[in-house]
Amino acid sequence: MPERIIGFIGLGVMGKSMARRLLKAGYPLFVYTRTKEKATDLLQEGAVWKDSPKEVAEAADIVITMVGYPEDVRAVYLGGEGLIPNGRPGQFFIDMTTSSPALAQRLFAEGKKRGIHLLDAPVSGGDIGAKNGTLAIMVGGEEEAFREMLPVFETLGKRIEHMGGPGSGQHAKLANQIAIASNMVGLCETLVYAKHAGLPMEKALSVISAGAAGSWSLANLAPRILAGDYSPGFFIKHFIKDMKIALEEAEKMGLALPGLALAKRLYEALAERGEENSGTQALIKYWDGSGRE
C-alpha cells in the first residue's frame, strides 16, 4: 500500500511519532501543522511541507488528522481552506483526534456528499505507543473503508477494532478515557499512601503492578512519577477536554459518572495552577500541596 500518498495534519506529541512511522514504512508523506518548526525534523527525514489543509487535500490520497480540540477538527475539515471543501471523490480522511461523536457523524455525512470516505479513529497508548507503533485504535465508519485502510492502521497500532458506524470510534475512546480517569486517581492515591506508610516505593510499585491492581498507567506512568518526570505523553489540557466531552455524552444518555466528574475536578484544579501542559501523571501534585484547591 505504500504507493498511496498520505497527508498528515497535526504534529504534536502523538502526531509527530505517528507521522514518522508512516514515513519509515515507505509512504510518501505531506505534512502540515500550525507551527512549521514542529515539522523540521520530519522534513529533514523526507516529508514534504504543505502550507494548509487545502494543499494537503489536493496532494494526498489519504489524509490523517491528529489535532487538539473539536473546534480544531471542525476548522481543518470544514473551513474554507479545509479538507472536505477541497477534497475529491475516492479520498480517505481519517480523524485520529479524540473529539465529539456528533462531529464525527457530521464529517462523515459531509464527506459522503462528495464521495469522500470519513473514518473516526482515535487512539490510546500515549507517546510510548505512538513511537512504538503499539497504539490501540478504535475506528468508526463504513466497514469497507475500514478494511481498505487497515494497512495504514497496522503501521500505527497493535490492537485495531472497527467499532461500528460513524462516531463509534469516538464513543469507544471516551469509554477508554473514563477508565483512565478513575484509574489515575487511584494510582496517585496508591503512591501517596505507600509513601506515607514508609514503604520502599520501587518495591511497592513492582509488587502492586504484578497483581490484580496492575494497569498500563501503573506500569508506564507511575515510574515517571517516582522519577519526578511530568513531561507530557498526553497533556492535562487535552485530558480535561476528553473528560468534558465524555460527561456531556453521558448526560445525553441520562448517566451519572461520579468517578469521572471527580477526576475532571481534580485535573481542573491543577490546570488552574499552571499544569495544563504537564502530562497526566502530574495529578500526583494535587497531594503534594502544590495542586490543592
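Lys173 is buried, with a relative accessible area of 4%, in a model that is predicted. This lysine is found in helix α8, which spans residues 168-196, and the UniProt annotation "active site", taken from an unreviewed entry, covers Lys173. When its neighbours within four places in sequence are left aside, Lys173 is in contact with Thr98, Pro122, Val123 and Met138.

| Residue | Helix | Relative accessible area | Contacts beyond four places in sequence |
|---|---|---|---|
| Lys173 | α8 | 4% | Thr98, Pro122, Val123, Met138 |
| Ser217 | α10 | 5% | Asn183, Met184, Leu187, Ala222 |
| His238 | α12 | 15% | Gly68, Tyr69 |

Ser217 counts as buried because its relative accessible area is 5%, under the 20% limit that the term requires. Ser217 lies in helix α10, and its contacts include Asn183, Met184 and Leu187, along with Ala222. His238, placed in helix α12 (residues 236-253), is likewise buried, with a relative accessible area of 15%, and apart from its neighbours within four places in sequence it is in contact with Gly68 and Tyr69.

Helix α8 also packs against helix α13, which is made up of residues 258-275. The axes of α8 and α13 come within 9 Å and cross at roughly 65°, and the crossing is left-handed. On the α8 side the residues involved are Ile178, Ala181, Ser182, Met184 and Val185, which meet Gly259, Leu260, Ala263, Leu266 and Tyr267 in α13. The residues of this contact divide into 8 nonpolar and 2 polar, with no charged residue among them. Met184 takes part in this meeting with α13, and Met184 is also listed among the contacts of Ser217.

Helix α9 (residues 201-209) has a buried side, where Met201, Ala204 and Leu205 are found to be buried. These three residues lie on the same side of α9, because they cover an arc of only 95° around the axis. The face turned away from that buried side carries Glu202, Lys203, Ser206 and Val207, which are exposed. What covers the buried residues of α9 includes α8, together with α10 (216-220) and α11 (222-226).

Key. Residues numbered from 1 in each chain as written. Predicted model: local features only at pLDDT ≥ 70, side-chain atom pairs only at ≥ 80, totals over all residues. Heavy atoms only, no water. UniProt positions renumbered as here; feature names shortened; annotations may be inferred. Helix = DSSP H or I, 4+ residues; strand = E, 2+ residues; numbered from the N terminus. Buried < 20%, exposed > 50% of the residue type's maximum accessible area, 1.4 Å probe, protein only. Contact = heavy atoms within 4.5 Å. Arc of directions from axis to C-beta. Axes fitted to C-alpha atoms, helices over the stretch in contact; angles between N-to-C directions. Left-handed = near helix turned anticlockwise from the far one by under 90°. Nonpolar A, V, L, I, M, F, W, Y, C, P; charged D, E, K, R; others polar.
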